[in-house]
Amino acid sequence: MSVAVTPDNIMQLGLGFWASKTLMSAVEVGLFTELAKGAMPAEAIGERLDLHARSLRDFLDALVSLGLLERDAVGRYSNKPEADMFLDRAKPSYLGGMFEMANARLYTYWGSLTEALRTGRPQNEAKSGGNLFAELYAEPERLEGFLSAMTGLSLGAGRAIAEKFPWSDYKTFIDVGAAQGGVPVQIALAHPHLTGGNFDLPAVGPIFERYVAGHGLADRLRFYPGDFFNDKLPSADVLVMGHILHDWNLEEKRLLLKKAYDALPKGGALIVFEALIDDERRKNVFGLLMSLNMLIETPGGFDYTGADGAAWMREAGFSRTHVEHLVGPDSMVIGFK
Ligand SMILES: C[S@@+](CC[C@H](N)C(=O)[O-])C[C@H]1O[C@@H](n2cnc3c(N)ncnc32)[C@H](O)[C@@H]1O
């Protein structure tokens with residue numbers, strides 16, 4: 001029997017930005033945060049969030065159809081459990097920072113994807129030269145937005161790393177480029193015997209320290225200011241690099257792995273995690289699109305497979321490597337010294 005060929009998938013993909021932008025705008029206006037306080041009819045939502053009456057019902061019902069909101073028999077809207085857990089700004093499980101950043105920056109920059117594909121050049125604040133991080137960090141609001149977006153991106157992976165890595169064999173760890181600290185906080189919360197910190201650019205320090213203090217971990221996690229290209233990495237039993245290598249070209253990736261190897265004691269381990277592309281480069285849609293995002297964001301960055309990461313680690317000197325899935329699109333490569 002022949003399978004009917006339909007355009008459904010193509011239509012969903014081609015206009016996928018409609019749904020994506022509807023979610024981003026809902027996060028931007030604080031819809032899920034407001035509804036986390038209790039169910040509300042459309043008119044009250046419109047008033048509270050300053051939304052025009054014309055498309056209010058369409059906006060809310062679109063979110064119902066997208067599985068993010070519920071509407072009860074008397075027309076009151078409330079969050080579905082996922083939206084309540086991950087999109088309410090008042091909860092520590094909030095992931096919306098990623099969508100706030102995507103809404104404020106990536107959504108526009110991805111409009112120039114074709115130009116990026118033709119020129120191989122970034123399309124963001126660093127389009128006319130310079131370094132993404134220098135550009136982002138020059139303005140406090142953008143800095144804060146980017147760092148909290150990283151927590152949204154990596155919280156799930158952080159929890160999985162806390163669970164899957166044999167932390168009881170180690171005492172200290174430093175997350176290199178931990179941004180706000182989403183991952184080290186998850187690791188430290190799950191393993192009270194560990195102490196460690198975040199080695200990152202100096203501007204990140206106050207934001208990391210505030211986040212860590214907010215989780216009651218200031219006595220176990222400290223900030224190590226530095227630049228991983230100009231300074232030696234601090235030493236610890238375990239070093240972590242999340243979404244670091246994909247920001248840089250191959251030569252820079254190799255340099256960072258070598259620096260991590262040099263900073264580790266014998267018996268130490270390096271955990272590299274990101275949306276590692278499957279070795280066949282066919283399945284991990286998020287990882288492959290993330291690599292295009294690196295085209296938009298950086299002069300030479302790209303994502304890579306677990307096999308690539310493990311091979312570069314062995315070239316850097318690691319005696320044993322191991323690739324393990326974490327959660328969703330994310331996996332880790334561990335190198336043992
Ligand atoms: C893409 S973010 C990843 C954040 C976090 N590891 C995660 O996975 O969510 C890259 C991080 O590297 C840091 N970084 C960029 N350049 C750096 C440098 N030269 N030295 C130290 N840290 C740097 C940034 O400040 C940022 O925290």
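This is a predicted model: local features need pLDDT of at least 70, side-chain atom pairs count only at pLDDT 80 or more; totals for chains, interfaces and linings use all residues.
Trainee: Why is Asn293 called buried?

Mentor: Its relative accessibility is 9%. Buried means under 20%, so Asn293 counts as buried.

Trainee: Where does Asn293 lie, and what is it in contact with beyond its neighbours within four places in sequence?

Mentor: Asn293 lies in helix α14, residues 285-297. Those neighbours aside, its contacts are Leu106 and Trp110.

Trainee: Which residues of α15 are buried?

Mentor: Helix α15 spans residues 306-316. Gly306, Gly309, Ala310, Trp312, Met313 and Ala316 are buried there.

Trainee: How do you know on which side of α15 they are?

Mentor: Look at the arc around the axis. They cover only 165°, which puts them on the same side of α15.

Trainee: What covers the buried residues of α15?

Mentor: The cover includes α13 (250-263), β8 (269-274), β9 (320-327) and β10 (330-336). After α15 comes Gly317, with a positive phi near 120°.

Trainee: What makes Tyr261 and Phe318 an edge-to-face pair?

Mentor: Take distance, then angle. Their centres are 5.1 Å apart, and the limit for a pair is 6.5 Å. Their planes are at 80°, and over 60 counts as edge-to-face. So the pair is edge-to-face.

Trainee: Which parts does that pair tie together?

Mentor: Tyr261 is in helix α13, while Phe318 is in the loop between α15 and β9. The pair therefore links parts 57 residues apart in sequence. Both Tyr261 and Phe318 are buried.

Trainee: Why is the pair of Tyr304 and Trp312 called tilted?

Mentor: The ring centres are 5.0 Å apart, with the planes at 55°. Stacked needs under 30 degrees and edge-to-face needs over 60.

Trainee: Are Tyr304 and Trp312 buried or exposed?

Mentor: Tyr304 has 1% relative accessibility, so it counts as buried. Trp312 is buried too, at 8%.

Trainee: How many aromatic pairs are there, and which residues do ring pairs link into a cluster?

Mentor: The count is 14 aromatic pairs. The cluster holds Phe133, Tyr137, Phe146, Phe228, Phe229 and Trp248.

Trainee: How do α2 and α7 pack?

Mentor: Helix α2 (residues 16-29) and helix α7 (residues 96-109) pack at about 115°, axes 9 Å apart. Their crossing is left-handed. By class, the contact has six nonpolar, two polar and three charged residues.

How values were computed
Residues are numbered from 1 along each chain as its sequence is written. Side-chain values use heavy atoms; hydrogens and water are left out. Buried means under 20% relative accessible area, exposed over 50%, partly exposed in between (1.4 Å probe, protein chains only). Helices (H or I, at least four residues) and strands (E, at least two) are DSSP runs, numbered from the N terminus. The arc is that of the directions from the helix axis to the C-beta atoms. Contact means heavy atoms within 4.5 Å. Axes are lines fitted to C-alpha atoms, for helices over the stretch in contact, and angles run from 0 to 180 degrees between N-to-C directions. A crossing is left-handed if the near helix is turned anticlockwise from the far one by less than a right angle, and right-handed if clockwise. Ala, Val, Leu, Ile, Met, Phe, Trp, Tyr, Cys and Pro count as nonpolar, Asp, Glu, Lys and Arg as charged, and the others, Gly among them, as polar. Rings of Phe, Tyr and Trp (its six-membered ring) pair if their centres lie within 6.5 Å; planes under 30 degrees apart count as stacked, over 60 as edge-to-face and the rest as tilted.
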